[in-house]
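Have the sequence and the 3D structure at hand while reading.

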Amino acid sequence: MNSKIKNRIYLDYAATTPLDPLVVKAMEPYFVTKFGNPNSPHGFGQEALAAVDLAREVLARFCNCSMGEIIFTSGATESNNLAIRGVIRKYQQIIEKPEIITTRIEHPSVLNTCRDMENQNMKVKYLSTGSDGIVKIANFKKLITDSTALVSVMYANNEIGTIQPIREIGKLLENINKNRKTPVLFHTDAVQAAGTLKCDVDYLHVDLLSLSGHKIYGPKGVGSLYVKNGTPIHGIQTGGDQEYTLRAGTVPVPNIVGFGKAVDLLIYHQEQDKKRMEFLRNWTFEQIVKLMPDIKVSGDLNNSRLANNLHLRVDKINGGDVMFLLDTQASIAVSTGSACTAGAPEPSKVLTEIGLNQKQSQEGVRVTLGRMTTKSEMKKFISCYIHAINTLKE
Ligand code: PMP
């Protein structure tokens with residue numbers, strides 16, 4: 001596995017990651033020889049089912065839950081849709097107009113789903129985010145009414161890498177739920193957090209948790225949703241009874257096998273990955289500050305930031321221009337924001353939410369490190385980044 005293919009340097013691990021060769025190896029037989037449908041009762045089917053079960057067991061270990069609480073999906077976009085739409089659909093049978101609480105810094109798969117809920121006459125309330133990129137939970141209790149059905153707050157942000165107080169919110173909700181007939185459910189999108197943070201659902205006090213394969217050296221097109229036993233939720237697509245009736249459709253066995261293998265490797269690598277990337281990220285930032293004291297970082301730079309995220313900004317220098325120069329002149333891949341919104345002409349909603357003006361929110365450059373990022377790659381990045389900024393300043 002090498003992100004330095006033909007001297008190219010990849011520093012956009014928040015957008016996606018390459019597959020670990022061990023993941024590819026684990027997947028291979030399930031394309032050609034072990035191709036059975038896990039719902040078939042014969043030997044081919046049972047062989048595929050055993051592989052899916054093994055992956056489910058690994059996911060359950062990672063999330064500290066039981067196997068029956070893991071639902072495989074086509075990715076975290078679907079997991080987030082299932083969590084929000086599925087819970088609201090169920091709660092509509094109990095509450096006339098179920099309400100949702102979320103934040104304005106969520107991934108579009110949550111934000112746009114909530115927007116769709118608003119279009120369907122549901123009420124969505126937004127927790128505000130401080131200038132440090134962390135949601136403010138001081139006024140959280142005031143947002144909760146008898147109609148609140150679901151709270152959805154991401155574990156870590158995909159642009160500025162800020163880690164949200166999930167455990168604190170989870171504990172708060174647990175206390176609130178003691179006095180309610182219908183509990184307020186708690187969902188977290190843990191896609192960006194999974195690479196370096198524990199996703200123990202008991203510790204986090206969550207009812208639903210979304211993960212994606214391709215952010216953790218697994219394949220694209222597969223994800224999971226942890227659904228706590230007894231959670232009121234309805235499937236959102238009709239079809240067969242797969243995935244405990246919550247997600248109709250034949251499961252993508254090779255992808256699930258790859259996802260399971262990636263999580264298995266993650267359990268082994270996570271602590272070491274975190275330490276390495278944090279060290280490299282901090283070192284990189286120190287070098288840049290020495291050479292360019294006017295550099296700015298968006299989001300918290302202390303404990304509440306993902307170990308692999310650096311979000312840089314220089315006044316009056318457009319982030320898209322920096323990205324373009326790094327890509328075309330040095331073959332270094334960074335990003336201006338989330339890959340899901342990178343094509344959008346508007347400024348980053350995350351950056352405007354944390355208080356940057358329109359112009360400033362177009363100045364950001366997201367640098368995200370990965371398991372195989374080396375110090376020599378970061379050295380090259382530092383000199384090319386400084387060079388790009390100086391070129392653009394001239
Ligand atoms: N949530 C977050 C925080 C993400 O970063 C992403 C991927 N950009 C998603 C959800 C969507 O995941 P997927 O690509 O698996 O649909």
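In this predicted model, 33 residues of domain 1 are in contact with 34 residues of domain 2, where contact means heavy atoms within 4.5 Å. Domain 1 consists of 3-18 + 270-393, and domain 2 covers 21-264; these bounds come from an automatic or database domain assignment. Taken over C-alpha atoms, the centres of the two domains are 28 Å apart.

Residues are numbered from 1 along each chain as its sequence is written, and side-chain values use heavy atoms, with hydrogens and water left out. Because the model is predicted, local features need pLDDT of at least 70 and side-chain atom pairs count only at pLDDT 80 or more, while totals for chains, interfaces and linings use all residues.

Between them, domain 1 and domain 2 bury about 2800 Å², of which 53% is on carbon and sulfur atoms. Buried area is the accessible area (1.4 Å probe) that two parts lose on being put together, summed over both. Of the area that domain 1 buries against domain 2, Gln270, Leu306 and Glu353 supply 25%, more than any other three residues.

The interface has 19 residue pairs in polar contact, both residues at pLDDT 80 or more. A polar contact is a pair of N or O atoms within 3.5 Å; within protein, one must be able to donate a hydrogen and the other to accept it, and residues adjacent in sequence count only if both atoms are side-chain atoms.
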